[in-house]
Amino acid sequence: MPGVSDIVFAPFPCEETSDKLVHPCLVIDCRGGNLFEVAYGSSKRVCVQGHLDSELVISDQDEMAACGLVKPTRFDLGVRATIHIHPSHAIAGALPGTSIGRLYRAAKHCKLI
């Protein structure tokens, strides 16, 4: 099962529709069993310099490889959900140490720490 700072591809609930589209998700808390709090990830509208304070942007090739991402991706810690992650939702990768400072700033902005 995933741990905090792992990246998984899992259905993320969307307010616009009743569908749960598969997105990259950043695990930010383990709630027990297969229940996890995750931050929404998207490869759309990724901006390294102009991103929101609540976002962690992964755009460096080495960081993307460590995370198991093929495109630059933004994780918005302000958009979270508690979801069930099943073994079929494979762990794609994990945040490398080089991104922890940026994760800390986004988490602090969202009052998660």
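**Pockets, cores and cysteines**

Q: How do the residues lining the second largest pocket divide into nonpolar, polar and charged?
A: That lining has 9 nonpolar, 1 polar and 2 charged residues. Ala, Val, Leu, Ile, Met, Phe, Trp, Tyr, Cys and Pro count as nonpolar, Asp, Glu, Lys and Arg as charged, and the others, Gly among them, as polar. A pocket is an open set of points on a 1 Å grid over the protein atoms alone, where a 1.4 Å probe fits, with protein on both sides within 12 Å along at least five of seven lines; lining residues have an atom within 4 Å of a point.

Q: Before we go on, what kind of model is this?
A: It's a predicted model: local features need pLDDT of at least 70 and side-chain atom pairs count only at pLDDT 80 or more, while totals for chains, interfaces and linings use all residues. Residues are numbered from 1 along each chain as its sequence is written, and side-chain values use heavy atoms, with hydrogens and water left out.

Q: Okay, which residues line that second largest pocket?
A: Among them are Val 4, Asp 29, Glu 37, Leu 77 and Tyr 104. β2 (20-32) and α2 (100-109) are the elements giving two or more residues to this lining. Helices (H or I, at least four residues) and strands (E, at least two) are DSSP runs, numbered from the N terminus.

Q: New topic: which residues touch the most other members in the largest nonpolar core?
A: Ile 7, Leu 26, Ile 58, Leu 69, Leu 77 and Leu 95 do, out of 16 residues. A nonpolar core is a set of buried Ala, Val, Leu, Ile, Met, Phe, Trp, Tyr and Cys residues joined through side-chain atoms within 4.5 Å. Buried means under 20% relative accessible area, exposed over 50%, partly exposed in between (1.4 Å probe, protein chains only).

Q: And which element supplies the largest share of this core?
A: That's α2, with 3 residues. There is also a second, separate core of 11 residues, including Cys 25 and Val 38.

Q: Is Cys 110 buried or exposed?
A: Cys 110 is buried, with a relative accessible area of 18%. Cys 25 is buried too, at 0%.
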